[in-house]
Amino acid sequence: MTVREAYDLTGRSAVVTGAGSGIGRSSALLLAEAGASVLCADVNDAAAKATAETIGDAGGRAVSAMVDVTDRSDVDRLVASAVDTFGALDVMCNIAGIMHENAEIVDTTDETLERVLSVNLKGVFYGCRAAARVMVGQGSGSIVNMASGAVDVPAPGIGPYAIAKAGVAQLTKTLAMEVAKQGVRVNAVAPGFIITGMTARHWTNADGTLDPDREQATRTGFGRMSPLGRVGEPDDIGHAVLYLASDASSFMTGQILRPNGGVAMPW
Ligand SMILES: NC(=O)c1ccc[n+]([C@@H]2O[C@H](COP(=O)([O-])OP(=O)(O)OC[C@H]3O[C@@H](n4cnc5c(N)ncnc54)[C@H](O)[C@@H]3O)[C@@H](O)[C@H]2O)c1
């Protein structure tokens with residue numbers, strides 16, 4: 001297989017949740033650039049549409065859907081609609097996720113715990129289950145889940161988020177074992193600190209305006225934690241997603257890929 005063939009997704013179809021912003025948007029754009037037809041899904045309908053339009057403007061093929069990943073029937077419909085539209089589902093990227101207000105576990109409310117587990121863990125579970133049902137039937141497919149560097153480095157104040165992401169890692173490994181024989185691969189990505197809408201809370205003022213000085217301070221502060229001396233950009237993760245989606249990673253399953261600037265180096 002040539003490099004071009006290994007990364008070529010021509011004729012393949014992909015669903016990307018969280019496609020309206022940040023890592024999901026980058027992943028959708030890169031999968032499309034590699035030739036995939038992409039269904040861009042997000043709870044923010046306008047943002048999902050904008051990503052699909054950007055792909056279309058660049059000569060790619062994409063449609064969009066408004067989906068709340070906490071609603072299992074929404075997710076089932078999303079996967080069914082990809083199959084209806086494209087004839088198959090080759091790649092499922094479960095990327096939608098949220099952060100919560102900083103609170104140590106003793107101060108975490110039931111509402112926060114429920115909300116974060118619903119989006120970040122149950123949402124990924126629903127996406128995995130719906131996609132795996134289709135892919136097992138096809139005898140092929142690649143599922144890519146978004147975990148986080150939080151699974152490697154416990155940080156005070158983000159307990160529910162970290163717990164949900166650890167669940168995503170274990171979900172990835174368990175499902176990988178269950179569907180490998182049917183030709184379906186399941187992997188996860190555990191990014192370090194990436195500049196996106198999620199991390200912009202570090203430099204967003206109470207009135208919603210952005211503070212460029214705080215953004216620079218955040219980039220410098222988090223960048224110092226990495227041996228590479230910088231924070232990540234969405235495409236740093238989008239390229240990892242593309243690798244796991246493509247035949248370039250055909251011997252990879254049940255793995256947690258860590259584009260994190262070297263912040264954590266587990267065995
Ligand atoms: N940014 C980082 O530093 C970082 C690090 C590690 C992991 N991650 C993970 O990467 C993923 C993408 O995050 P991001 O940083 O690009 O954030 P982002 O806020 O830029 O994008 C998240 C997207 O998910 C969508 N979304 C939220 N709830 C949803 C729901 N219920 N249903 C459907 N869509 C929903 C949002 O509308 C948004 O478009 C998340 O799972 C996040 O936990 C991010």
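Buried here means under 20% relative accessible area, exposed means over 50%, and partly exposed is in between (1.4 Å probe, protein chains only). E5 spans residues 141-146, and six of its six residues are buried. Strands (E, at least two residues) and helices (H or I, at least four) are DSSP runs, numbered from the N terminus.

Before moving on, a word on what you have open: this is a predicted model, in which local features need pLDDT of at least 70 and side-chain atom pairs count only at pLDDT 80 or more, while totals for chains, interfaces and linings use all residues. Residues are numbered from 1 along each chain as its sequence is written, and side-chain values use heavy atoms, leaving out hydrogens and water.

**The neighbours of E5.** Look for Met 92, whose bridge partner in E5 is Ile 143. Next, bring in strand E6 (residues 184-189), parallel to E5 and joined by six bridges. Here Asn 145 has Ala 188 as its bridge partner.

**The whole sheet.** Select every strand of the open sheet: seven of them, paired in parallel, in the order E3-E2-E1-E4-E5-E6-E7. Strand E3 (61-66) and strand E7 (256-257) stand at the edges with a single partner strand each, so one side of each has no neighbour in the sheet.

Then zoom in on Ser 13, in strand E1 (residues 13-17). Is Ser 13 buried or exposed? Its relative accessibility is 3%, so Ser 13 counts as buried. Leaving aside residues up to four places away in sequence, Ser 13 touches Ser 37, Phe 86, Ala 88, Leu 89, Asp 90 and Val 91, where contact means heavy atoms within 4.5 Å. Val 91 is also the bridge partner of Ala 14.

**Across the domains.** Colour domain 1 (3-194 + 233-257) and domain 2 (195-231) separately; these bounds come from an automatic or database domain assignment. The area buried between domain 1 and domain 2 is about 970 Å², with carbon and sulfur atoms giving 60%. Phe 193, Ile 194 and Glu 233 supply 60% of the area that domain 1 buries against domain 2, more than any other three residues. Buried area is the accessible area (1.4 Å probe) that two parts lose on being put together, summed over both.

Two salt bridges are found across this interface, each a side-chain nitrogen of Lys or Arg within 4 Å of a carboxyl oxygen of Asp or Glu. Select Asp 236 and Arg 230, whose side chains meet in a salt bridge at 2.9 Å, N to O. Arg 230 is partly exposed, at 43% relative accessible area, and Asp 236 is partly exposed at 31%.

**Last stop.** In helix H7 (residues 212-224), find Arg 219 and Glu 215, four residues apart, about one turn of the helix. They form a salt bridge, with the closest N and O atoms 3.1 Å apart.

Note on methods: Two strands pair if DSSP finds at least two bridges between them.
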